[in-house]
Amino acid sequence: MTVSVDIHHQLGEFALEARFESAGRLTALFGPSGSGKSTLINLIAGLICPDKGRISADGNVLVDTAARIFVPMHKRRIGMVFQDARLFPHMSVAGNLRYGRWFTPASERYAKMDAVVDLLGIGHLLDRRPAKLSGGEKQRVAIGRALLASPKLLLMDEPLASLDEARKAEILPYIERLRDETKIPIVYVSHSVAEVARLASDVVVLSQGKVAASGPTEAIMQRLDLLPAEERGEGGAVLDTKVLRHDEAFGMTVLGSQAGEIRVPRLARPVGATVRLRIRARDVMIATEQPTGLSALNILAGTIAAVRPGIEPAVEIAIDCNGAIVLARITEQSKHTLRLTLGHKVFAVIKTVSFDSATTGAGLSVEADG
Amino acid sequence: MTWLLDLTPDEWNAVRLSIKVATVAMIASLPPGILLALLLARGRFWGKTLLNGLVHLPLILPPVVTGYLLLLAFGRRGPAGAFLAEHFGIVFSFRWTGAALACGVMGFPLMVRAIRLSIEAVDRRIEAAAGTLGANPLWVFATITLPLILPGLITGAILSFAKAMGEFGATITFVSNIPNETQTLPSAIYTFTQVPGGDEGALRLTLISIVISMVALIASEVLARRVGRRMDIE
């Protein structure tokens, strides 16, 4: 499924000018509030019509202003999960879930009630009214409702933004399962680096109504300059790792990655499970020699692949560790003192305790949730 | 209490007729009432203010004027009356149907207003959510909007019914005061007050009309509350 967008839309002073194409499992539309990402997703859903442009999904034209085509939203078969769940207050949870089925041709109904209810863990809620649900439960029901309409594409507009950390942690694993266990491509709007790094396969970065960059998550998350100012501290390398073993004596988990072994606080994941690990650039130190007498447990050898100016007084150093890029943010002074230049052999040092649930997904895993 | 129910056949007819007229007026007003309320709540068109004024006119005009206008338009010789009589066999003048029309028109502004307010209170984002699930606008209206405005619908209907039960001026002007045909409760009470010794009859019908009105109001209150509780809007 390829979603391709090329539109111009004017909203008062604000001009949205977006062109991108995405074929990822979960594409994140990422940017600060006011960057136009919600408008963009509303355009794809058909809630608004662009002033000019073309949107197609899987080759089917949804909008083409030049050809005067506008497929109304109810014919698009695009599911949408809103920030505010928007459940139907006069129907039970089961009624909400079943709503979309009526309108899906029987031959195209791939979503099964039991499977979706299981996937989202909402079996015990079926008879309740939406008013009696918690924020996290509402959002899970809203996701289920969208899924049961058997959409060809699922849009999620900041589904976690109005929830507290605990509720976010409750829902994230379900979205991961959705991404991994169903075949529906997802477009996910977010302004949170933690969510995007954890969930997205591809990222489209929006800034002031324009596409600033797009590409695979690993590559985009390293471009700290693309992140909104308040989220910049969260930026860094994203590595796909596997749980090698647990060190029960010291309460740690050893992850294997291309860059080498990385020790993190004990994760509630079984050996062999994949973990998408984010290493914040600000948590990475650089040593020019193999350090000794150091408390930090993770020392990865590599060579400097890039030196980029950061926000004063920092610079960003990309270290190529056996083909995987680890990003470090250090001061201009340190760079100077250590004479760090391209091709330099260095060691990236990361404290185990600098990893938390936001960067490892620990405790958020489905296993831990049950 | 028995003397209260000890009515003459004519008086019974007035009670029955009043209930029939009010019920028909209420039910017949509902579809156009919902349509106009929708138009006024959501439509954006030229002349909306004018339309709104027209809908409210029966509330402001003296009932006699409304009745006379109905007589001009829907009387046997009136343009609308002649057309309906000729093509559909519907006759209003000096018939109970005319009383229902007059009552419906008089209660219409109250009904439209109640429904309009409830439509304006509906969260349109919930309707949009139904749209993304595949419901076309008609289905969205039937499955989302209509259930959500049910309390307003009930209120509007009861207001229309209550207004019809009490309507006098427009009805007597349009269809006169013919026993067993157009003599509703208010007309019957009026007739009693115009004859010597009619006080007892007037009082009986007055009490009956109070009972009917109270029962209707309480029923609507209970109904609206039950619907409201069932929905328990977030």
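## A guided visit to two chains

Guide: Read along the sequence, chain B follows the pattern α-α-α-α-α-α-α-α-α-α-α-α. This is a predicted model, in which local features need pLDDT of at least 70 and side-chain atom pairs count only at pLDDT 80 or more, while totals for chains, interfaces and linings use all residues. Residues are numbered from 1 along each chain as its sequence is written, and chains are lettered from A and ligands numbered from 1 in the order in which they are written.

Visitor: How many helices and strands does chain B have?

Guide: Chain B has twelve helices and zero strands. Both kinds of element are DSSP runs numbered from the N terminus (helices: H or I, at least four residues; strands: E, at least two). The C-alpha atoms of chain B fill a box of roughly 70 × 45 × 30 Å along the principal axes.

Visitor: What makes H2(B) oblique to H9(B)?

Guide: Helix H2 (residues 9–42) and helix H9 (residues 150–166) of chain B have axes that come within 8 Å and cross at roughly 140°. That angle makes H2(B) oblique to H9(B), because under 35 degrees counts as roughly parallel, over 145 as roughly antiparallel, 65 to 115 as roughly perpendicular and the rest as oblique. Their crossing is right-handed.

Visitor: Which residues in H2(B) meet H9(B)?

Guide: From H2(B) come B:Ser18, B:Val21, B:Ala22, B:Ala25, B:Met26, B:Ser29, B:Leu30 and B:Gly33, and they meet B:Gly156, B:Ala157, B:Ser160, B:Phe161, B:Ala164 and B:Met165 in H9(B). Being in contact is a matter of C-beta atoms, placed from the backbone, lying within 7 Å. By class, the residues of this contact are nine nonpolar, five polar and no charged.

Visitor: How many residues of chain B are in contact with chain A?

Guide: 17 residues of chain B are in contact with 22 residues of chain A. On the chain B side, helix H7 (124–132) and helix H8 (137–148) are the elements that give two or more residues, and H7(B) gives the most, with six. This side has ten nonpolar, four polar and three charged residues.

Visitor: Let's turn to chain A. Why is chain A called as compact as a globular protein of its length?

Guide: Chain A comes to ten helices and 20 strands. Its radius of gyration is 22 Å, close to the 21 Å that the globule rule gives for 370 residues, so chain A is as compact as a globular protein of that length. The radius is taken over C-alpha atoms, and the rule is 2.2 Å times the number of residues to the power 0.38.

Visitor: Why is helix H1 of chain A called largely enclosed?

Guide: Eight of the nine residues of H1(A) (residues 37–45) are buried, so the helix is largely enclosed by the rest of the structure. The buried ones are A:Lys37, A:Thr39, A:Leu40, A:Ile41, A:Asn42, A:Leu43, A:Ile44 and A:Ala45. Just after H1(A), A:Gly46 takes a positive phi of about 95°.

Visitor: How do you know whether A:Val93 is buried or exposed?

Guide: A residue is buried if 20 or more other C-beta atoms, placed from the backbone, lie within 10 Å of its own, exposed if 12 or fewer, and partly exposed in between. A:Val93 has 27, so A:Val93 is buried. A:Val93 is found in helix H2 (residues 93–98) of chain A. Leaving out residues up to four places away in sequence, A:Val93 touches A:Ile122, A:Leu125, A:Leu126, A:Arg128, A:Pro130 and A:Val141.

Visitor: Why does A:Asp58 count as partly exposed?

Guide: A:Asp58 has 13 C-beta neighbours inside 10 Å, so A:Asp58 counts as partly exposed. Its place is the loop between strand S4 (52–57) and strand S5 (60–64) of chain A, and its phi is positive, about 60°, although it is not a glycine.

Visitor: And is A:Arg77 buried or exposed?

Guide: With 22 C-beta neighbours inside 10 Å, A:Arg77 counts as buried. A:Arg77 lies in the loop between strand S6 (69–70) and strand S7 (78–81) of chain A, with a positive phi near 60° in a residue other than glycine.

Definitions and conventions
Axes fitted to C-alpha atoms, helices over the stretch in contact; angles between N-to-C directions. Left-handed = near helix turned anticlockwise from the far one by under 90°. Contact = placed C-beta atoms within 7 Å. Nonpolar A, V, L, I, M, F, W, Y, C, P; charged D, E, K, R; others polar.
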